[in-house]
Structure formats: C-alpha cells, structure tokens
Amino acid sequence: MTKAIGHFINGAIIPGKSGQFGPIFNPALGEQTGQVALAHAADVDLAVKAAQAAFTNWSQTTPIHRARILFRFKVLIEDHMDELAALVTAEHGKTLPDAMGSIQRGLEVVEFATGIPSHLRGSYTPQVGQGIDSYSLRQPLGVCAGITPFNFPAMVPLWMYPMAIACGNTFILKPSEKDPSVCMRLAELFQQAGLPDGVLNIVNGGKEAVDAILQHHDVEAVSFVGSTPTAQYIYQQATKHHKRVQALGGAKNHALVMPDADLQQTADAIIGAAYGSCGERCMAISAVVTVGNDTADQLIETMQPHIENLKIGPGTQQDIEMGPLVTQQHLKNVLNHVEKGLEEGAKLVVDGRNNHGQSQGFFMGGCLFDQVTTDMHIYQQEIFGPVLCILRAKDFQQALQWVNENPYGNGTALFTRDGDSAREYVQQVQVGMVGINIPIPVPVAYHSFGGWKNSLFGDLHMHGHESVMFYTKLKTVTARWPSGIREGKQFTIPTLT
Ligand code: NAD
C-alpha cells in the first residue's frame with residue numbers, strides 16, 4: 001500500500017481531522033494500493049469557510065479573467081492526459097483509451113466554460129416605459145458543491161466545477177471514495193493554471209461528508225451524480241435544507257432494434273455500448289428490445305461470438321476491450337444478478353461468470369440473456385456490469401411502451417433505416433437523451449446532459465446552457481434617470497405605456 005490521499009482545502013493538501021480512512025484498490029490487481037481520508041463535518045466546515053472567503057474576490061473577477069484561467073487549465077489537462085488517464089485506470093479499471101476518452105469529454109466542458117463571457121451575457125430592453133429601460137443579468141450563487149460517482153472519476157466532476165467556477169462561484173467537490181486520485185491531481189493543475197486558493201476545494205469521504213455538505217447552511221447548491229436511491233436522498237435532503245439541487249441517478253438504457261436496421265452495424269454498436277467500461281456507464285446499453293423474433297435471432301447470432309471472445313484483461317494492456325469491475329463487492333453484486341436472472345428463467349446465451357484467465361483482479365466476462373421479460377428483476381434493476389438483456393416485442397408500439405413504462409429515463413437508442421419510426425420514437429419516448437443509430441447519445445458539452453423520470457431529480461440538466469442557469473440566479477433591473485422621472489406620487493400599480 002503506497003498512497004495516502006487527504007483533502008485539498010484552500011490550496012493545500014491536508015490530512016483531515018477525522019483519523020478515518022477508506023481503502024483504494026487497483027481492480028486489475030485486486031490489491032489495496034492506498035487509502036483515502038474520510039472527512040468529518042469539521043473538515044467540510046473548513047472547506048466551506050475557505051470557499052466562502054474566496055467567493056468575496058472570485059465573484060468580483062471579470063468573466064474574461066476567469067476564462068483565461070480556464071484556458072490554461074485546458075492546456076494543462078491536455079499536457080497531462082497520459083498521467084490523468086493512468087490514474088483513472090489504476091483506480092477504476094477501465095482501459096487507458098477509454099479513460100482518455102472520458103477525460104476528453106470532461107475537457108470539452110472546460111472548453112465550453114472558456115466561453116463564459118458570452119454565456120453570461122444578459123438581456124436589455126430599452127424604453128419599456130417612457131424614459132425607462134429594463135435589463136436582466138445573472139449572478140453567482142456562492143458556495144456550490146458536487147458529489148460524484150466512481151465510474152467517471154474525472155469526467156463527471158469536470159461536468160460540474162468548471163462551469164460553477166466560470167460563473168463566479170466557489171466549489172466543494174466530494175469525489176467517490178473508490179477512485180479519488182485523479183480529482184486531486186486535476187485540482188493541482190487548476191491551481192497551477194492560476195486558480196486562487198479556496199475557489200476549488202476537495203473533501204474526500206463517504207456518507208458523513210455528504211451529509212455535512214447537505215446540512216451546511218452556507219452551501220447554496222448541490223450537483224449530484226450517482227445511483228437512484230442516493231440521488232433521491234440527496235434531492236430530499238438538499239431541498240429540505242433550502243438548497244438548489246440537480247441529482248442525476250441511475251439508468252436502464254434501452255436499444256430498440258427495428259427489423260430494417262443494419263444488423264451488423266447495430267450489433268457492433270450494441271456490443272461496445274453494453275460491455276465497454278465493463279458496463280459501468282450510466283449511458284451503457286443494458287436492455288435490447290427487438291421488434292420481431294427474427295430480428296432477435298439474427299442479432300444474437302451476430303453478437304454471440306463477439307461477446308464470447310471479448311478481449312478481457314488489465315486496462316493498461318494494449319488492445320484490451322474490457323477491464324475489471326471496480327471492487328470485489330461490485331463483482332459479487334453483478335454475479336448475484338446473473339444468478340437471479342437464471343432463477344427467473346431467462347436464457348443465458350453467453351455465460352461470462354468466470355475470470356477469463358486472469359489470476360487476480362475483479363474480472364468477469366460478458367453475459368448475454370435472451371427471453372427476458374419486463375417483470376424480471378434483471379430487467380427492472382440497474383445491474384451496472386457487463387450483462388445485456390434481450391427482450392422480444394411483437395411490434396414498435398409494444399417496444400415503445402416497454403421503454404416508457406421503465407422507471408428510468410436516462411438514455412435510449414433506436415436502430416432503424418426508417419425516418420418515420422425514428423421521428424415517432426423521438427416524439428413519444430419518455431427519455432432524456434435519445435440516439436438514432438447512435439448507441440451512447442451523450443450530448444456534447446454545449447448541449448446539456450440529463451435524464452428523465454428516476455434518472456434525474458431536479459429541474460436543470462448538466463453542462464451547456466442549463467448549467468449557466470443552474471449556477472447563477474437571475475436579477476432583473478428596471479431603471480429610469482432623473483430626466484425620465486414624472487412629477488408627483490403614484491398610488492396605483494405602475495403600468496408602462
Ligand atoms: P453511489 O450513489 O453509490 O455514490 C455516488 C456518490 O454518493 C459517492 O460520492 C458516494 O460517496 C456518495 N454516497 C453513496 N451512498 C451515499 C449515501 N447513502 N448518502 C450520502 N452519500 C452517499 O453511486 P456509484 O456506485 O458511485 O456510481 C454508480 C451509479 O451512478 C450508477 O447507478 C450509475 O448509473 C450512476 N451514474 C449516473 C450518471 C448520470 O449521469 N445519470 C452518471 C454516472 C453514474
């Protein structure tokens with residue numbers, strides 16, 4: 001065991017006051033490689049005080065000044081891409097190219113944030129009354145906080161704090177306790193880019209740290225990404241404590257495959273989206289609904305040999321397609337789901353319940369279930385592992401109904417050559433992010449990311465324009481100058497003509 005990770009508060013790494021630590025594993029080795037401090041309320045309070053103090057000056061800096069620091073941060077991320085990706089792979093397990101791709105998707109939000117002088121532009125209407133003008137502006141909230149999941153340890157935090165900070169706020173990040181190292185390194189790079197001390201702070205820890213954030217009366221807003229039960233808890237607690245909140249939850253993302261789809265392309269797209277990152281993506285495809293039995297049979301025939309021969313191994317090795325799961329416990333949970341599917345009578349076409357020649361680490365292979373029905377546990381629950389379920393619908397309407405009846409509404413993809421079905425799907429589906437022949441429709445940084453139903457609690461999505469709205473409050477000014485002031489007192493409500 002080598003690493004000891006503390007907190008990053010007011011520009012310095014400190015060990016924290018709790019004396020409690022959680023283990024960090026390398027999932028490909030199955031070994032503990034370090035430990036992370038678990039913050040108490042006192043550590044959180046220290047971070048909030050630092051962020052509050054920094055807010056006084058930071059909120060008064062010009063947007064272009066903030067944009068220039070973000071530009072330097074962007075360049076530093078690019079310069080350190082290999083090092084950052086290695087940190088992600090060492091603690092999460094995903095392959096190095098996949099880790100780089102995820103950091104790139106976070107970097108794109110930093111790029112979007114560099115446009116903050118333009119994003120923060122207000123609106124102005126001259127002459128709303130005689131000699132009277134009106135304008136609206138957006139101002140920062142104060143201290144904002146982010147609580148993030150293990151599966152994208154760099155990307156998801158980068159969806160939050162660059163935009164919050166660009167808007168003039170200061171920030172407390174509470175990363176996942178499973179893979180915190182990359183966040184700590186990114187904070188150092190942001191500091192190197194010129195970010196003043198206290199603007200970005202990191203408190204490591206688990207539930208106790210989160211509860212201290214949710215209950216702290218000087219935290220104005222909370223962004224959360226994680227599982228649905230935690231998202232519901234965060235939403236309830238944050239609103240109870242009068243905070244603005246966006247809480248993104250779990251998913252069961254459906255691919256709907258029409259009989260006219262190009263099945264070879266569809267199979268390739270689904271395999272990558274289901275088994276990439278070992279299924280630990282909130283936008284992973286975990287359920288395929290085929291329209292018609294022939295479509296299912298042909299698709300399975302095409303996919304099966306690929307799934308059986310996935311290249312499985314440590315994410316640091318070349319040409320690996322699927323790395324390990326994040327922890328031993330998570331591996332056990334996923335295997336339990338597979339057992340449950342068998343008990344329920346689903347047909348396990350590809351059985352990946354073995355370590356695929358890996359003598360160490362939290363490895364399993366890809367599993368493919370056919371004959372899954374909507375009442376089964378393996379369909380209703382988010383498994384968050386390399387387990388794909390095939391459901392057979394009789395027609396498009398039944399397939400659409402199943403997708404809409406599912407409690408999650410994060411992402412979905414339709415595979416078809418038919419524009420009419422595609423248009424109907426886009427119009428009718430109750431899901432926040434839709435792909436047409438695109439398996440993982442993660443919106444680009446200048447659009448916004450978020451699901452519907454049990455995949456998001458709150459009103460506004462992440463990054464893009466919605467993040468400017470989330471991290472600022474609106475002020476509207478109506479003004480006149482002495483030359484426009486009319487004589488006398490007015491006792492009726494002002495109407496402007
Ligand atoms: P998680 O809910 O277990 O943990 C997320 C964060 O909440 C972590 O920082 C953790 O320390 C904290 N936390 C956990 N339990 C808590 C509790 N009881 N009280 C307070 N805080 C708590 O999620 P995870 O296992 O880290 O991540 C995987 C989940 O995240 C999956 O469900 C996945 O779908 C979801 N996810 C969603 C999105 C999205 O955009 N919707 C993106 C990525 C991941």
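In this predicted model, the ligand sits in the largest pocket. A pocket here is an open set of points on a 1 Å grid over the protein atoms alone, with protein on both sides within 12 Å along at least five of seven lines; to sit there, more than half of a molecule's atoms must lie within 2 Å of the grid points.

Helix H8 (207-215), strand S11 (219-225) and helix H9 (228-240) are the elements that each give two or more residues to the shell around the ligand. At least three shell residues come from each of domain 1 (3-249 + 455-478) and domain 2 (253-436).

Which residues come nearest to the ligand? Of the 26 around it, they are Glu177, Ser227, Thr230, Gly249 and Glu382, where a residue counts as near if one of its heavy atoms lies within 4 Å. The shell comprises 13 nonpolar, nine polar and four charged residues.

Turning to particular atoms, a side-chain N or O atom of Glu177 is 2.7 Å from an oxygen atom of the ligand. For Ser227, a side-chain N or O atom likewise lies 2.7 Å from a ligand oxygen. Phe150 places a backbone N or O atom 3.1 Å from an oxygen atom of the ligand.

On the conventions, residues are numbered from 1 along each chain as its sequence is written. Local features need pLDDT of at least 70, side-chain atom pairs count only at pLDDT 80 or more, and totals for chains, interfaces and linings use all residues, while side-chain values use heavy atoms, leaving out hydrogens and water.

Methods:
Polar contact = N/O pair within 3.5 Å; in protein donor to acceptor, adjacent residues only side chain to side chain. 1 Å grid on protein atoms, 1.4 Å probe; cavity = no way out; pocket = protein on both sides within 12 Å on 5 of 7 lines; lining within 4 Å. Helix = DSSP H or I, 4+ residues; strand = E, 2+ residues; numbered from the N terminus. Nonpolar A, V, L, I, M, F, W, Y, C, P; charged D, E, K, R; others polar. Domains from an automatic or database assignment.
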